[in-house]
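Thank you all for coming, and please have the sequence and the model open while I talk. I will go slowly, beginning with a pocket, then moving to the sheet, and ending with a few side-chain contacts.

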Amino acid sequence: MPSAAGVGLLLGIDPGLAATGWGLIDRDHRVVACGTLRTAPGPAAPRLLQIVSGLQGVLASHGVAEAALEELFMGRNATSAMGVAQARGAILVVLAAAGIPVHEYKPAHIKATVTGYGMAGKSQMARMLALQGIKTEAMDDHAADAVAIAICHARSRRLMSPPPSRTARVGTP
């Protein structure tokens, strides 16, 4: 059962068949936990099952309110893109089964939100996360990317929510 202290966390996920990074942040954008679910080469089905099981474990241990994923980026390696697509599908099913709202962001949007530059490289992302008080030395690239995705969502959702309504008082200017 999730701890009361963990309720309301944002989960960022960097999907991949070989390595799926995940990162949890709280309301103050502090990293609560992060890690990488790794699978060994071989047939896709057991690897996807391992990702599903690992993600279910993360959800069971923490009170996740929302999740954010990186959208599928079609690079030059179609085989890699297929693996990422399969992992994303498994991840989306787990999140939907848990009733967790999912938001998706393009890689350039994540980079622009975290660094101010949509074409930022891994070292620039790590440097900007460090400047924001997030220690990435203990994280691998997948976990750091997942934390960046969670931070992107935390910042972007403020822009997505409607402004609070203002009620005018009668007789006041």
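The lining of the largest pocket has, by class, 16 nonpolar, nine polar and nine charged residues, where Ala, Val, Leu, Ile, Met, Phe, Trp, Tyr, Cys and Pro count as nonpolar, Asp, Glu, Lys and Arg as charged, and the others, Gly among them, as polar. Before I go further, let me say that this is a predicted model, in which local features need pLDDT of at least 70 and side-chain atom pairs count only at pLDDT 80 or more, while totals for chains, interfaces and linings use all residues. Residues are numbered from 1 along each chain as its sequence is written, and side-chain values use heavy atoms, with hydrogens and water left out.

Back to the pocket, then. The largest pocket holds about 830 Å³ of space, and of the 34 residues that line it, D14, E70, F73, P107 and K122 are the closest to its centre. A pocket here is found on a 1 Å grid over the protein atoms alone, as an open set of points where a 1.4 Å probe fits, with protein on both sides within 12 Å along at least five of seven lines, and lining residues have an atom within 4 Å of a point. The volume is the space filled by probe spheres set on the points, which are joined across faces, edges and corners. Which helices each supply at least two residues of this lining? They are α2 (78-97), α3 (107-115), α4 (122-131) and α5 (141-160); helices (H or I, at least four residues) and strands (E, at least two) are DSSP runs, numbered from the N terminus.

Now to the sheet. Five strands form an open sheet in the order β3-β2-β1-β4-β5, with mixed pairing, and two strands are said to pair if DSSP finds at least two bridges between them. At the edges stand β3 (31-38) and β5, each with a single partner strand, so one side of each is left without a neighbour in the sheet. From one strand to the next the twist averages 20°, with axes taken as lines fitted to C-alpha atoms and angles running from 0 to 180 degrees between N-to-C directions.

Let me follow strand β4 (residues 64-70), which is mostly covered, five of its seven residues being buried. By buried I mean under 20% relative accessible area, by exposed over 50%, and by partly exposed anything in between, with a 1.4 Å probe and protein chains only. Strand β1 (residues 9-14) runs parallel to β4 and is joined to it by five bridges; L10 stands opposite E66, and I13 has L69 as its bridge partner. Strand β5 (residues 102-105) also pairs with β4 in the parallel sense, over four bridges, and here L69 stands opposite E104.

That brings us to the charged contacts. How many salt bridges does the structure hold? There are six, a salt bridge being a side-chain nitrogen of Lys or Arg within 4 Å of a carboxyl oxygen of Asp or Glu. E104 forms one with R88, the closest N and O atoms being 2.6 Å apart; E104 lies in strand β5 and R88 in helix α2, so the pair ties together parts that are 16 residues apart in sequence. Of these two partners, E104 is partly exposed at 35% relative accessible area, whereas R88 is buried at 11%. K122 forms another with D145, with 2.5 Å between the closest N and O atoms, and because K122 lies in helix α4 and D145 in helix α5, this pair ties together parts that are 23 residues apart in sequence. K122 counts as partly exposed at 48% relative accessibility, while D145 is buried at 16%. Salt bridges that share partners also join D26, D28 and R30 into one network.

H29 is found in the loop between β2 (19-25) and β3, and is partly exposed, with a relative accessible area of 22%. Its backbone deserves a careful look: phi of H29 is near 65°, a positive value in a residue other than glycine. Most residues other than glycine have a negative phi.
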